[in-house]
Amino acid sequence: MREQQADYDSPWKEILSRYFKDFMAFFFAQAHQDIDWAKGHEFLDKELQQIASDAVVGPRRVDKLVKVWRKDGAEAWVLIHVEVQGQEEAEFAERMYVYNYRLFDRYHRRVASLAVLADERAGWRPDHFGYELWGCQVGLTFPTVKLLDYRQQWSAIEQSNNPFAMVVMAYLKAQETSGNAATRKDWKLSLVRKLYERGYEADDIRHLFHFIDWVLQLPTELEQ
């Protein structure tokens, strides 16, 4: 992966904001099918900032809060966590729980918390948080997808026209080619060619290239 991680969330947030519908279709098909996309969707950055400002359960990574409408007409809020740090975080599931209940407590909206884990530890798969005391039980169970799992689905995502197929392929190859600049260069060229082969619009090519260029960073001489 890219060694400099200070701006880790920016390209992820940009790609999530531009291709949110495709993101949901690629990773969370059941939710995608229940959303009335004809009514559009709205990003609630201010609302998320308000509840996150006093949450003290570890660093935020990539978090997006989106208002959508279900096909039955009900409003729903979708809280997206993209975990992009390179190691497991003990407080991650707790943070999912805290954000969920803070949003419900403050705005009284149903909130679906969804997580994408982009770390390299195959065994780290947090999907719930809770506790029990004297018969009282509280907690949250949330859907999680692991980017590492898509290595076994490479041929399928290679055939997909969903923009997030390109995102996942670029991310996986960045992990696999860490420390091997020559191989990384070959994969970077290959993925950029795929942008044109798939017939994306020029604006989509620019945005997807920006992500590929960021995640598959090369030494200056190879970048030239």
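Q: Which residues of helix α2 are buried, and how do you know on which side of α2 they lie?
A: In this predicted model, helix α2, residues 20-27, has Phe20, Phe23, Met24, Phe26 and Phe27 as its buried residues. Their directions around the axis cover an arc of only 165 degrees, and therefore they are placed on the same side of α2.

Q: What makes the buried residues of α8 line one face of the helix?
A: The buried residues of α8, which runs over residues 181-197, are Arg184, Lys188, Leu191, Val192, Lys194 and Leu195. Viewed down the axis of α8, these buried residues fall within an arc of 150 degrees, so they line one face of the helix. The face turned away from that buried side carries Tyr196 and Glu197, both of them exposed.

Q: Which residues of α9 are buried?
A: In α9 the buried residues are Asp204, Ile205, Leu208, Phe211, Ile212, Trp214 and Val215.

Q: Why is the contact of Asp203 with Arg18 called a salt bridge?
A: The term requires a side-chain nitrogen of Lys or Arg within 4 Å of a carboxyl oxygen of Asp or Glu. The closest N and O atoms of Asp203 and Arg18 are 2.7 Å apart, so the pair qualifies as a salt bridge. This pair links distant parts of the chain, with Asp203 in helix α9 (residues 202-215) and Arg18 in helix α1 (residues 9-18), 185 residues apart.

Q: What makes Asp203 and Arg18 partly exposed, rather than buried or exposed?
A: A residue is partly exposed when its relative accessible area lies between the cut-offs of under 20% for buried and over 50% for exposed. Asp203 has 31% and Arg18 has 35%, so both count as partly exposed.

Q: Why is Asp204 called buried, and which side chain does Asp204 meet in a salt bridge?
A: The relative accessibility of Asp204 is 17%, which is under 20%, and therefore Asp204 counts as buried. The side chain of Asp204 meets that of Arg18 in a salt bridge, at 3.3 Å from N to O. Here too the pair links distant parts of the chain, since Asp204 is in helix α9 and Arg18 in helix α1, 186 residues apart.

Q: What makes Arg18, Asp203, Asp204 and Arg206 one network?
A: Salt bridges that share partners join Arg18, Asp203, Asp204 and Arg206 into one network.

Q: Why is Val62 called buried, whereas Ala38 is called exposed?
A: Val62, in strand β2 (residues 62-69), has a relative accessible area of 0%, which is under 20%, so Val62 is buried. Ala38, in the loop between α3 and β1, has 77%, which is over 50%, so Ala38 counts as exposed.

Q: Which residues lie nearest the centre of the largest pocket, and which elements give two or more residues to its lining?
A: The largest pocket, with a volume of about 450 Å³, is lined by 23 residues, of which Ala31, Asp34, Ala76, Val78 and Ala112 lie nearest its centre. The elements giving two or more residues to this lining are α3, β3, β4 and β6. The lining residues divide into 15 nonpolar, four polar and four charged.

Definitions and conventions
Residues are numbered from 1 along each chain as its sequence is written. This is a predicted model: local features need pLDDT of at least 70, side-chain atom pairs count only at pLDDT 80 or more; totals for chains, interfaces and linings use all residues. Side-chain values use heavy atoms; hydrogens and water are left out. On a 1 Å grid over the protein atoms alone, a cavity is a set of points where a 1.4 Å probe fits but cannot get out, and a pocket is an open set with protein on both sides within 12 Å along at least five of seven lines; lining residues have an atom within 4 Å of a point. Grid points are joined across faces, edges and corners, and a volume is the space filled by probe spheres set on the points. Helices (H or I, at least four residues) and strands (E, at least two) are DSSP runs, numbered from the N terminus. Ala, Val, Leu, Ile, Met, Phe, Trp, Tyr, Cys and Pro count as nonpolar, Asp, Glu, Lys and Arg as charged, and the others, Gly among them, as polar. Buried means under 20% relative accessible area, exposed over 50%, partly exposed in between (1.4 Å probe, protein chains only). The expected span of a helix is 1.5 Å times one less than its number of residues. The arc is that of the directions from the helix axis to the C-beta atoms.
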